[in-house]
Amino acid sequence: MSATNEIVLGESGLFDPTAPLAPSGNLRRRSVVDRSVQVTATAAALAAVAVLVIIVVGVIQHGASSLSLDFVIKDPQGLAGGGIVNSLLGTLEIVAAGAVVAMPLGILTGLYLTEFAGPRSRPARVLKLALDMMQGLPTIVVGLFVYGLIVIPEHQQSGFAGAIALSIVMLPLIARASQEVLLLVPGTLREAADALGVNRWRTVLTVILPAAMGGIVTGAILAIARAAGETAPLLIADGIYNPNTTSFNLFHGVASIPMFIYTSYDLPLTQAVARAWAAALVLMVAILLANILARVFLARSRAKMGA
Amino acid sequence: MFALCLFAGLLVVATLVDVIYQLANNGNVAISRFGLGFLVHSAWKPGFHIEGAGGLIYGTLVSSLMALVLATPLGIAIGLYLSMMAPRRVRATVGPLVEMLAAVPSIIYGFWGLVVLVPFVESIEPGLHSALGFIPLFSCISPNGISTFSAGIVLTVMILPIISALSRDLFLTVPQDLRDGAAALGATRWEVIRGTVLSTTVSGVSAAVVLGLGRALGEAIAVSFVIGDSDVRSTCVFKPGASLAERIANQFPGAVNPLHTSAMFYAALILVVISMLTSLAARLIAGRFDVQASLGRAMT
């Protein structure tokens, strides 16, 4: 930095105590840079919020006109009529089936990392890396994996295959969330149980899990909300091209909201596209609401645990 | 109980190994036929002549790198704003709002991208072309806004919340004392940020950027709506293009023959290797920062 930050001199060449204190030279440059950085950062944050607003408003604008109570509670009729209740229930079914697989496994993985393996031990490090990689798997790849694992041997795409694919999306998120909450359970609780001579698994079941349950459930809800919006795994593993399917047999194709949007947009009917928008609105509202509620809940349970 | 937990952990590791196995096994026909030449050749005419995924890899890299170039400075700026500058109230509302961008499903990004963003891109492309046309990347005009460029913009929006949430969490780990010390030496706010905040978290922020890249590389549905899934014939980003993940989403359900299906498994194998490498790289670069934990929080 060049030293142009001189003391202001009066006309006589001596220090003039009455000269204005406005920054000059280098100091002025520094404060200009500082100011512009702050303005840029604020503008960037505003831009991100603006993009969110544009997306939400866009979906509402396009979707609200075709949205009605009938749309949410009736079965579809023909290619572009009726409602989407079959897709709604189908999504619930697939996601619930996926959660039934992912929740126990995710919680057990979290328990393994916090209660049984030392945080720096080799198995724990390998498992953490594996969870990272699982979380980073592109969802389309998860779809292809399940296609090879289940669809090819079974010779048909099914809601079950879709549920397994979604469980792979959920598992690392649930495991991570459980691990974090379990780490917040005070060590004194474990020590108290140890001092009473309770063995490890009983401590886990009766002391640690109940204390962490609120946080684990919230984490699971967030993971489920994420999985509910996934299209790529269902496209490959469930692959339902007839959005009018009203079968809920998990071992056949089951309709879902993301696939309804994906297939309706392809139909050469303006009405079908409008219905896709309405379904997108339903999906977006449901997911954002689940997110907001879970966050509020999470903040509350974290506060309760004193973290 | 220990056995059950160990079993769950082993299952996670086994699943990952099985992912590689399934993709390699089902892609076997394509792998043995094309070998590594698949990575550079780019002829992809299902049913007639498939030689490689070079064009898809190019489209994947260009759209993701474009997203990275745009989202990194923006994301870091948002992270700085949320951790260092915003008043507490603003922080508590703007932070979750930015994270909401990560919760929006990719199909909605795709749909929105096609209907709202693509026409917008179409309107700004001629301007960009005339200003930057001397660079080969921008040397063409698209008939409509469907292009690799639009895919890059959608990916920017999708990875922005990841980079900003992760960098915010990293910046918050910088001790207040360190910042106070710099301020006491007469540093301006920016100098404090540059000297203490950015310099101590540079490894974590780089890891966050790598994680963002990983997500952009693997995005299928949102990209498939706006990129056009066409043959990649030129390097120009204003032309319709294709990417690995997007090609699979578009063509897998209607694959014309076993070679076509197999080639897509091969493409998925490339994708999974890239994504595992980014996860590994992020962990190695991040050092003491646990950016993956923040990613888990930001993604859900």
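1. Let's begin with confidence: chain B averages a pLDDT of 88, and 99% of the residues score at least 70. Here pLDDT is the predictor's confidence in each residue, from 0 to 100. This is a predicted model, in which local features need pLDDT of at least 70, side-chain atom pairs count only at pLDDT 80 or more, and totals for chains, interfaces and linings use all residues. Residues are numbered from 1 along each chain as its sequence is written, while chains are lettered from A and ligands numbered from 1 in the order in which they are written.

2. Helices (H or I, at least four residues) and strands (E, at least two) are DSSP runs, numbered from the N terminus. The model scores ipTM 0.91 and pTM 0.90.

3. Chain A has a mean pLDDT of 86, and 89% of its residues reach 70 or more. Take care with residues 1–5 of chain A, where pLDDT stays under 50 and the model has seven contacts beyond four places in sequence. Two residues are in contact if their C-beta atoms, placed from the backbone, lie within 7 Å. Where pLDDT is low, the predicted coordinates should not be read in detail.

4. One helix pair joins the two chains: the axes of helix α4 (residues 122–136) of chain A and helix α11 (residues 258–286) of chain B come within 9 Å and cross at roughly 130 degrees. Axes are lines fitted to C-alpha atoms, for helices over the stretch in contact, and angles run from 0 to 180 degrees between N-to-C directions. α4(A) and α11(B) are therefore oblique to each other; angles under 35 degrees count as roughly parallel, over 145 as roughly antiparallel, 65 to 115 as roughly perpendicular and the rest as oblique. From α4(A), L129(A), D132(A), M133(A) and G136(A) meet S275(B), M276(B), T278(B), S279(B) and R283(B) of α11(B). By class, this contact has three nonpolar, four polar and two charged residues.

5. Inside chain A, helix α5 (residues 139–154) of chain A and helix α6 (residues 159–184) of chain A have axes that come within 9 Å and cross at roughly 135 degrees. That makes α5(A) oblique to α6(A). The residues in contact include V142(A) and V146(A) of α5(A) and I164(A) and I168(A) of α6(A). The contact of α5(A) with α6(A) has nine nonpolar, two polar and no charged residues.

6. Finally, the domain assignment (automatic or from a database) gives chain A domain 1 (1–64) and domain 2 (69–304). The C-alpha centres of these domains of chain A lie 45 Å apart. Their contact takes five residues from domain 1 of chain A and five residues from domain 2 of chain A.

Key:
Ala, Val, Leu, Ile, Met, Phe, Trp, Tyr, Cys and Pro count as nonpolar, Asp, Glu, Lys and Arg as charged, and the others, Gly among them, as polar.
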